[in-house]
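Take a moment to look over the sequence and the 3D structure before reading on. We will then walk through the fold together, step by step.

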Amino acid sequence: MYNTTATYTVVGMTCNSCVNKVTNAVTGVEGVVDVDVDVSNGTLEISGHIDDAGIRAAVAQAGYNIAN
């Protein structure tokens, strides 16, 4: 399996509850090995076999949008 890292900007996160929602949603995407969400920067960093469409769908299902 090919491992890589991707960073996304998540719009709408304002608190630790938001961080937990995004983390839980993205952790469930197949191939994701590690997740780091930073509410102060609004960033989501993922390591693993990145499925861009799956990541975007999981974030949207959690109630947030990816800006890039």
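Which residue in S3 stands opposite Thr9? Look across to S3 and you will find Thr43. Before going further, a word on the model: it is predicted, so local features need pLDDT of at least 70 and side-chain atom pairs count only at pLDDT 80 or more, while totals for chains, interfaces and linings use all residues. Residues are numbered from 1 along each chain as its sequence is written, and side-chain values use heavy atoms, with hydrogens and water left out.

Let's begin with the sheet. Helices (H or I, at least four residues) and strands (E, at least two) are DSSP runs, numbered from the N terminus. Here 4 strands form an open sheet in the order S2-S3-S1-S4, with antiparallel pairing; two strands pair if DSSP finds at least two bridges between them. At the edges are S2 (32–38) and S4 (65–66), each pairing on one side only. Strand S1 covers residues 4–11 and is joined to S4 by 2 bridges, in the antiparallel sense. In this pairing Val10 stands opposite Ile66, and Val11 has Asn65 as its bridge partner. S1 also runs antiparallel to S3, with 6 bridges joining them.

H1 (residues 16–27) lies across S1, S2 and S3 (43–48), at about 165 degrees to S2. For such angles, axes are lines fitted to C-alpha atoms, for helices over the stretch in contact, and angles run from 0 to 180 degrees between N-to-C directions.

What about H2? Its buried residues (under 20% relative accessible area; exposed means over 50%, partly exposed in between, with a 1.4 Å probe and protein chains only) are Gly54, Ile55, Ala58 and Val59. They sit on the same side of H2 because they cover an arc of only 130 degrees around the axis, taken from the directions from the helix axis to the C-beta atoms. On the other side, Ala53 and Gln61 are exposed. The buried residues of H2 pack against S1, H1, S2, S3 and S4. Val59, for example, is in contact (heavy atoms within 4.5 Å) with Val10, Val22, Val26, Leu44, Tyr64, Asn65 and Ile66, leaving aside neighbours within four places in sequence.

Finally, look inside. A nonpolar core is a set of buried Ala, Val, Leu, Ile, Met, Phe, Trp, Tyr and Cys residues joined through side-chain atoms within 4.5 Å. The largest one has 19 residues, of which Val22, Val26, Leu44, Ile55 and Val59 touch the most other members. S1, H1, S2, S3 and H2 (52–61) each supply at least two residues, and the largest share, 4 residues, comes from H1.
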